[in-house]
Amino acid sequence: MPNRRTVTTEPPREDLAARLLAEAEALIRRDGPDGIALRELARACGSSTMAIYTLYGGKPGLMQALYAVGFARLHAYALSAEHRDAPLRWMVRQMLAYRRFALDHTGLYRLMFGGEKRFSPTGRHSRFASLAVPVEDAYPAFAALVDAVGTCLAHHRAKAPDPAEVQDLAFLVWGQMHGLVSLEIAGYADPDDALARYQSAVRFICTHCGADRADLDAELAASN
């Protein structure tokens, strides 16, 4: 009787690519951005390291794909906060959504913004070609923040703000959000105080935009 060998078949290409990304994200959530070992990843997916090279060109390509996933997901959080008919609500929830994304996806957040292993901007925007953003050649999530800042300023000043001012203020807002969230994730902020401190930053920024303190407190209370 002839010997019969068991043939292991890998999932379809698209399914395997998605599973590799999901497992890689789980690994960086557990061990940080440097915690991905290709053999462990392949084993978890019932695949081979060769499949990772075929699909992503190796670890750098895989990490770049995760990097793009992170920014696309951050953009989705930003869009979930959009309230064009209520500019202050939009601004408040935009800022809170950023913190929520960072805490929900700490592994991706560290990959995107922390450590030394950052990725070159070259070709980065092409990965978001399908996303319509209001600011040309910008990170989609940052473009959404620029949009929210500009709308909030226009609403409270009753006139369109200078685009350069909007860009500058949006970048300062991003820096404030990133700094507070990074300190919280790194353990430098007491968990019991972190949200209150973040909300204080939201108050400070929105007040600068012209928001009324009572309206601002009401929006923050409604967002809890």
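## Helix α10 and its cover

The buried residues of α10 are covered by parts that include α5 and α9. Contact here means heavy atoms within 4.5 Å, and buried means under 20% relative accessible area, with exposed over 50% and partly exposed in between (1.4 Å probe, protein chains only). Helices (H or I, at least four residues) are DSSP runs, numbered from the N terminus. This is a predicted model, in which local features need pLDDT of at least 70 and side-chain atom pairs count only at pLDDT 80 or more, while totals for chains, interfaces and linings use all residues. Residues are numbered from 1 along each chain as its sequence is written, and side-chain values use heavy atoms, with hydrogens and water left out.

Which residues of α10 are buried? They are Leu-216, Glu-219 and Leu-220. Seen down the axis of α10, these buried residues fall within an arc of 95°, so they line one face of the helix; the arc is that of the directions from the helix axis to the C-beta atoms. On the face turned away from the buried side, α10 carries the exposed residues Ala-214, Ala-221 and Ala-222.

Leaving aside residues up to four places away in sequence, Glu-219 touches Leu-88, Arg-89 and Val-92. At the start of α10, a side-chain oxygen of Asp-212 reaches to within 3.0 Å of the backbone nitrogen of Ala-214.

## Helix α9

Now to α9 (residues 191–208), whose 18 residues should span 26 Å at 1.5 Å a residue; its end C-alpha atoms are 27 Å apart, which agrees. The expected span is 1.5 Å times one less than the number of residues. Buried in α9 are Ala-194, Tyr-198, Gln-199, Ala-201, Val-202, Ile-205 and Cys-206. These residues cover an arc of only 155° around the axis, which puts them on the same side of α9.

What covers the buried residues of α9 includes α5, α8 and α10 (213–223). Asp-192, Phe-204 and His-208 are exposed residues on the face turned away from the buried side of α9. At the start of α9, a side-chain oxygen of Asp-190 comes to within 2.8 Å of the backbone nitrogen of Asp-192, and just after the helix Gly-210 takes a positive phi of about 105°.

## A glutamine in α5

Gln-94 lies in helix α5 and counts as buried at 5% relative accessibility. Gln-94 touches Ala-78, Ala-81, Ala-141, Ala-144, Leu-145 and Ala-148, not counting residues up to four places away in sequence. Gln-94 and Leu-79 are 15 residues apart in sequence and 8.2 Å apart in space, C-alpha to C-alpha.

## Aromatic pairs

Rings of Phe, Tyr and Trp (its six-membered ring) pair if their centres lie within 6.5 Å; planes under 30 degrees apart count as stacked, over 60 as edge-to-face and the rest as tilted. By this rule there are 10 aromatic pairs. One of them is the edge-to-face pair of Tyr-98 and Tyr-109, at 5.9 Å centre to centre and 85° between the planes. Tyr-98 lies in helix α5 (residues 87–104) and Tyr-109 in helix α6 (residues 106–113), so the pair ties together parts that are 11 residues apart in sequence. Both tyrosines, Tyr-98 and Tyr-109, are buried.

Phe-171 and Trp-174 have ring centres 5.6 Å apart and planes at 75°, so this pair is edge-to-face. Phe-171 is exposed, with a relative accessible area of 51%, whereas Trp-174 is buried at 16%. Ring pairs link a cluster whose members include Tyr-67, Phe-71, Tyr-77 and Phe-142.

Key. Helix = DSSP H or I, 4+ residues; strand = E, 2+ residues; numbered from the N terminus. Polar contact = N/O pair within 3.5 Å; in protein donor to acceptor, adjacent residues only side chain to side chain.
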